[in-house]
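Open the model in your viewer and keep the sequence panel beside it. The stops below say what to select and what you will find there.

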Amino acid sequence: MAEARIRRGGTARLSSAKGRATKGGRGRALKRRSWVDQLIEYLPVSEATLQRMASWTIVAIVGGLVIAIAIFMGLPGMARQQAADIAARAGFEVEKVEVRGVERMDELPVYNIALGQVDRSMLSLDLPRVRDEMLKLGWVKDARISRRLPDTLVVDIVERDPVAVWQHEGQLHLIDVQGVVLQSVSAGAMPDLPLVVGPNANLQTAGLNKLMENAPALKPMLAGATWVGNRRWDLRFQSGETLSLPEGDKDSASALVNFARMDGVNRLLGRGIVKFDMRDPDRFVLRLPQGRVEEKPTDAAAAETAKAPAANMPADGEEG
C-alpha cells in the first residue's frame with residue numbers, strides 16, 4: 001500500500017512537473033511570436049472578423065475565376081439566348097411594328113428596316129443597331145427605337161426639314177439646311193423652295209439662310225442662288241433680276257443690306273433691270289435689258305435706277 005501511495009504520489013508529482021514544464025513552454029512560445037502576429041494584435045478587428053474576411057476573399061477569388069471561365073466558354077451568351085427563346089415562347093416576340101413621325105418621307109425604307117426584327121424575341125432586339133440603320137436614311141434626323149410589351153417594336157422618327165432644291169450636274173435634289181441630300185426630285189415636281197446651283201452649293205445653304213436674315217424683306221422674293229467659284233453668291237429674285245454679291249460673309253451681308261435699303265426707297269426690283277453688280281463696294285453696276293451698262297457710285301445709284309427702261313430681255317451671262 002505504501003508503494004502504491006508512493007507511486008501515485010510520484011505520478012502526481014511528475015504530472016505537476018510536466019504541467020509546469022508545459023506552462024513554461026507556452027510562455028516561451030508567446031515570446032517567440034512573429035511580427036505578423038504582433039501586427040494582427042494592433043488591428044482594430046477581432047481574430048474572428050479577420051477569419052471571415054479571409055474566407056470571403058477566397059470565395060470572391062474562386063467566384064471570379066468561375067465567371068471568367070464561363071465567359072471564355074460563351075456560357076452567358078448561351079444563357080441569354082436561352083432566356084430569349086423562353087420569352088419568345090411565352091409570347092414576348094415582335095409581331096407588330098409601329099412607326100411615328102413620318103410626314104414627308106417614304107415610309108417603306110423605315111418599315112423595311114423595322115420588319116427585319118419581326119419574329120425575334122423582345123429580349124434579343126438590338127435597339128442601337130436598328131437606330132443606326134434608321135439614321136442612314138437621308139430624311140431621318142433622329143430616331144428613337146423602343147419596345148412595347150408584349151409584342152410591339154415602336155419607331156419614332158424625327159424628319160429633316162427641306163429648305164432648298166440643289167441643282168448639280170443636271171440633277172435636282174431636295175436638301176435640308178445642313179446640305180444633307182434628302183431625295184431626288186423631278187423638274188416637273190419642283191417644290192416651292194429656292195433653287196441653289198453650283199458645286200458644293202448644298203453645303204453653303206446654312207450660310208445663305210444666315211445671309212438672307214440680314215434682309216428679311218427680300219427673303220420671300222428670293223427664287224434661287226448660284227454659288228460662284230466656291231466663294232460668293234449670285235442671288236436670283238422672282239421678278240427676274242440677279243444680284244451679284246462680293247466675297248466674304250461681312251462684305252456680302254453689308255452689300256445685301258444696302259441693296260435692300262435702296263429697293264425699299266426706289267423699288268429696284270420689278271423695273272426691268274437685268275442685273276445688279278455690287279462686287280465692288282465703291283461701285284453699283286446696273287445691266288440694262290438693251291445690253292447697256294450704267295455704273296454709278298453706290299450712294300447715288302438708287303436715284304439713277306428710276307431712269308432705267310423696262311423690257312423683257314434675257315440677262316447677260318455670269319462674269320465671274
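**Stop 1**

Select Arg267, which sits in the loop between helix 8 and strand 11 (275–277). This is a predicted model. The phi of Arg267 is positive, about 55°, although Arg267 is not a glycine. Most residues other than glycine have a negative phi. Is Arg267 buried or exposed? Arg267 is exposed, because its relative accessible area is 58% and the cut-off for exposed is over 50%.

Now select Asn230. Asn230 lies in the loop between strand 8 and strand 9. Asn230 has a positive phi of about 55° and is not a glycine. With a relative accessible area of 48%, Asn230 is partly exposed.

**Stop 2: the whole chain**

Zoom out and colour by secondary structure. The protein chain has nine helices and 13 strands. Of its 320 residues, 32% are buried.

**Stop 3: the largest nonpolar core**

Select Leu235, Leu243, Leu256, Phe259 and Phe276. These residues have the most contacts inside the largest nonpolar core, which has 31 residues. Which elements give two or more residues to this core? They are strand 4, helix 7, strand 8, strand 9, helix 8 and strand 12 (284–287). Helix 8 gives the largest share, five residues.

Centre on Phe276. Leave aside its neighbours within four places in sequence. Phe276 is then in contact with Glu241, Thr242, Leu243, Ser244 and Phe259, and also with Leu268, Leu269, Phe284, Val285 and Leu286.

Another core lies apart from the largest one. It has 26 residues, among them Val110, Leu127, Ala143 and Val155. In soluble globular proteins, nonpolar side chains tend to be buried together.

**Stop 4: helix 6**

Pick residues 127–135, which form helix 6. Its buried residues are Leu127, Val130 and Met134. Look down the axis of helix 6: the buried residues fall within an arc of 65°, so they line one face of the helix. An α-helix has 3.6 residues a turn, so residues three or four places apart point the same way.

**Stop 5: helix 7**

Move to helix 7, residues 205–212. Which residues of helix 7 are buried? Select Thr205, Leu208, Leu211 and Met212. They span an arc of only 115° around the axis, which puts them on the same side of helix 7.

Show the surroundings next. The buried residues of helix 7 are covered by elements including strand 4, strand 5 (171–176), strand 7 (195–197), strand 8, strand 9 and helix 8.

**Stop 6: the largest pocket**

Stay with helix 7 and show the pockets. The largest pocket has a volume of about 270 Å³. It is lined by 15 residues, and Gly207, Leu211, Gly248, Asp249 and Ser252 are the closest to its centre. Helix 7, strand 9 (232–237) and helix 8 (249–266) are the elements that give two or more residues to the lining. Colour the lining of the largest pocket by class: five residues are nonpolar, five polar and five charged.

**Stop 7: the second largest pocket**

How many residues line the second largest pocket? Its lining has 15 residues, with Val163, Leu193, Pro194, Lys219 and Leu222 nearest the centre. The volume of the second largest pocket is about 200 Å³. The elements giving two or more residues to this lining are strand 4 (162–168), helix 7 and strand 8 (222–228). Helix 7 gives the most, four residues. By class, the lining of the second largest pocket holds ten nonpolar, three polar and two charged residues.

**Stop 8: Gly179**

Finish at Gly179, in the loop between strand 5 and strand 6 (181–185). Gly179 is buried, because its relative accessible area is 5% and buried means under 20%. Draw a distance from Gly179 to Pro162. The two are 17 residues apart in sequence, and their C-alpha atoms are 9.3 Å apart in space.

Technical notes: Residues are numbered from 1 along each chain as its sequence is written. This is a predicted model: local features need pLDDT of at least 70, side-chain atom pairs count only at pLDDT 80 or more; totals for chains, interfaces and linings use all residues. Side-chain values use heavy atoms; hydrogens and water are left out. On a 1 Å grid over the protein atoms alone, a cavity is a set of points where a 1.4 Å probe fits but cannot get out, and a pocket is an open set with protein on both sides within 12 Å along at least five of seven lines; lining residues have an atom within 4 Å of a point. Grid points are joined across faces, edges and corners, and a volume is the space filled by probe spheres set on the points. Ala, Val, Leu, Ile, Met, Phe, Trp, Tyr, Cys and Pro count as nonpolar, Asp, Glu, Lys and Arg as charged, and the others, Gly among them, as polar. Buried means under 20% relative accessible area, exposed over 50%, partly exposed in between (1.4 Å probe, protein chains only). The arc is that of the directions from the helix axis to the C-beta atoms. Contact means heavy atoms within 4.5 Å. A nonpolar core is a set of buried Ala, Val, Leu, Ile, Met, Phe, Trp, Tyr and Cys residues joined through side-chain atoms within 4.5 Å.
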